[in-house]
Amino acid sequence: MSTQETFKAFTSQLESVTNPFYNFNQLVTKNIETLTKIQLDSLQAYSALGNESLQSLASLKQPQDIPAYGSKQMEVASKISQQLMEDSQKLTQLGQDFKSAADELTASAVKTAKSA
């Protein structure tokens, strides 16, 4: 066996060992990017709701405005509840997608390892 063939064999074996780690790191990076986007979108939504609530409070000019403010706060609470549910669903889906992709990577790595 020549030196070049030995080097190619070594490189091939090294790639078969490191590729699963590379693929997993890519998956983790993609997952972190998606999680960050979800968090930023949530932050923006909650900030908008907070601003809406503050503007509603600032619009109080007389005691008769308090009941309208109270009903507005109920709407804001409802929107927050809805946002929490949506965020929970997004995070749950992200976790399920990550687990599924990680399972596929693991199965592929095991299959590759057994054939080597």
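Phe21 counts as exposed because its relative accessibility is 57%, with exposed meaning over 50% relative accessible area, buried under 20% and partly exposed in between (1.4 Å probe, protein chains only). The model is predicted, so to speak of local features takes a pLDDT of at least 70 and side-chain atom pairs count only at pLDDT 80 or more, while totals for chains, interfaces and linings use all residues. Residues are numbered from 1 along each chain as its sequence is written, and side-chain values use heavy atoms, with hydrogens and water left out.

Phe21 sits in helix α1. Between Phe21 and Lys99 there are 16 Å in space, C-alpha to C-alpha, for a separation of 78 residues in sequence. Over in helix α2 there is Lys79, which counts as partly exposed because its relative accessibility is 38%. Lys79 and Leu49 are 7.7 Å apart, C-alpha to C-alpha, and 30 residues apart in sequence.

As for the fold, the protein has 2 helices and 0 strands; these are DSSP runs numbered from the N terminus, helices being H or I with at least four residues and strands E with at least two. α1 and α2 pack at about 180°, and 11 Å separates their axes. That angle makes α1 roughly antiparallel to α2. Here, angles over 145 degrees count as roughly antiparallel, under 35 as roughly parallel, 65 to 115 as roughly perpendicular and the rest as oblique. The axes are lines fitted to C-alpha atoms, for helices over the stretch in contact, and angles run from 0 to 180 degrees between N-to-C directions. By class, 21 nonpolar, 8 polar and 5 charged residues make up the contact of α1 with α2. Ala, Val, Leu, Ile, Met, Phe, Trp, Tyr, Cys and Pro count as nonpolar, Asp, Glu, Lys and Arg as charged, and the others, Gly among them, as polar.

Now for overall dimensions. The C-alpha trace spans about 95 × 20 × 5 Å along its principal axes. The radius of gyration is 26 Å, whereas a compact globule of 116 residues would have one near 13 Å (taken over C-alpha atoms, with the globule rule being 2.2 Å times the number of residues to the power 0.38). Of the 116 residues, 12% count as buried.
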